[in-house]
Amino acid sequence: MLDPIYNNFKIPSNAETKTHFRQFMRRAADGTLAFAPETAAIGMYPIWYAPAQTNEELPHSHSFLELIIVTGGRGKHRAAGKTSAIAKGDVVFINNALPHCFAADDDAFSVIAVSFLPSILGYNDVMLRDYDLIGYHTLLVPFGRYDVGGFFRMRPPPAVFTTISFIAFHLIELFFADASANRISMAALLKHILSLMRTHHRERYGERNAAPLAGILDHIHGHYRERITLSSLARRFAMNPTYLSTKFNRIAGKSLSRYINELRIHRAEALIAETDIPIRAVAAAVGYETLSHFNRAFRAVTGHAPRDGRGTEAHRKSGKLF
């Protein structure tokens, strides 16, 4: 079928969505949703559906990030004992650890749900395992406000919402056309959606409500091969070093130096498992000046030597994608 707003993008129907849910998702006994292995390898699952018609909207939490774009009607979001009204034009971001569900107030209630892993944006999926989304969300999309726990809702201007929903329908079409081949394009489109949300939030609430660590994290992921220190970052972002260190530790759950070291090692893991690049070259590629230092750091983070991860099928299926 074509999307119900623009009549331009090919998307699955509600009936097909039920089938796709069972194909791309796994539901644990406690109601937690997780990506099926093939979905985790892609890093994203975007879908349009009407909750009243799919009947799949049971209370649940999930091991991925979720962006909800309300494309029609009115409904409710229920979480943490609180019910929040949502309607067409709302955009909602939900904590992975927050048990929640949606309920329709009318037959027109429909949403685009973009479920994704940090890896689709170039970040480390391990953060979802080790830390709850509150900290990660603050780093990734620095809204700095939450309605209920990890539930954040915004209502952008109509022109911005039109752009966001248009891009989201395009995401769905690309996913079901060939998700693996379109992964890079989907990542770029999702980044654009998040950028629009960030810009709207900054314009409405001002810079003081936007955590500067999002820009710092972007810088780290773009320059992790280089020598990055607390003092150099503080100078670059005009922050007090002590404040930056305290803030980073509180949100990321680890020190800046440990974060950078683990990022380098996880990048190295992927190179070792998926390529034939010599170990010494891998060490240099991720920012280590000596092989001995790299070997010690690698073993400290992973528990095994670099050569033990060479070309392992288990690693390729582990979901540690970058």
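These are my notes, from the whole chain down to single residues.

**Ground rules**

I am working with a predicted model, so I took local features only at pLDDT of at least 70 and side-chain atom pairs only at pLDDT 80 or more, while totals for chains, interfaces and linings use all residues. Numbering starts from 1 along each chain as its sequence is written, and side-chain values use heavy atoms, with hydrogens and water left out.

**Overall count**

I find 14 helices and 10 strands in the protein. For both I use DSSP runs numbered from the N terminus: H or I with at least four residues for helices, E with at least two for strands. Of the 322 residues, 52% are buried. My cut-offs, with a 1.4 Å probe and protein chains only, are under 20% relative accessible area for buried, over 50% for exposed, and partly exposed in between.

I get an accessible surface of about 14,500 Å², with 52% of it on carbon and sulfur atoms. Those areas come from the Shrake-Rupley method with a 1.4 Å probe; for residues, only the protein chains shown count as cover.

I also looked at contacts, meaning heavy atoms within 4.5 Å. Among contacts with a separation of 6 or more, 71% join residues 24 or more positions apart.

**Cores**

Which residues have the most contacts inside the largest nonpolar core? I noted L67, F116, L190 and M197, in a core of 54 residues. Helix α6 (residues 158-178) gives this core its largest share, nine residues. Apart from it I see another core of 25 residues, and L263, I272, I279 and V286 are among them. By nonpolar core I mean a set of buried Ala, Val, Leu, Ile, Met, Phe, Trp, Tyr and Cys residues joined through side-chain atoms within 4.5 Å.

**Helix α1**

In α1 (residues 14-24), I marked N14, T17, H20, F21 and F24 as buried. Down the helix axis these buried residues fall within an arc of 110 degrees, so they line one face of α1. I take that arc from the directions between the helix axis and the C-beta atoms. A reminder to myself: an α-helix has 3.6 residues a turn, so residues three or four places apart point the same way. On the face turned away from the buried side of α1, I find A15 and R22 exposed.

**Strand β3**

Next I checked β3 (residues 44-49), where six of the six residues are buried, so the strand is largely enclosed by the rest of the structure. Both faces are covered, with M44, P46 and W48 buried on one side and Y45, I47 and Y49 on the other. β3 pairs with β9 (residues 110-116) in the antiparallel sense over six bridges; I count two strands as paired if DSSP finds at least two bridges between them. One to remember is M44, whose bridge partner in β9 is F116. F116 is also one of the residues with the most contacts inside the largest core.

**A three-stranded sheet**

I traced an open, antiparallel sheet in the order β6-β5-β8. Its edge strands, β6 (82-87) and β8 (100-104), each pair on one side only. β5 (residues 74-79) and β8 share five bridges in the antiparallel sense, and I noted H100 of β8 as the bridge partner of A79.

**V286**

Is V286 buried or exposed? I have it as buried, at a relative accessible area of 1%, in the loop between α12 (279-285) and α13 (291-302). Beyond its neighbours within four places in sequence, V286 is in contact with Y224, R225, R264, R267, A268, L271 and F294. Its C-alpha lies 7.6 Å from that of I265, 21 residues apart in sequence.

Most residues other than glycine have a negative phi. I flagged N7, with a positive phi near 50 degrees, in the segment before α1; N7 counts as exposed at 53% relative accessibility. A238 also went on the list with a positive phi near 50 degrees. I place A238 in the loop between α9 (230-236) and α10 (241-252), exposed at 73% relative accessible area.

The C-alpha atoms of N295 and A305 are separated by 6.6 Å, with the two residues 10 apart along the chain.
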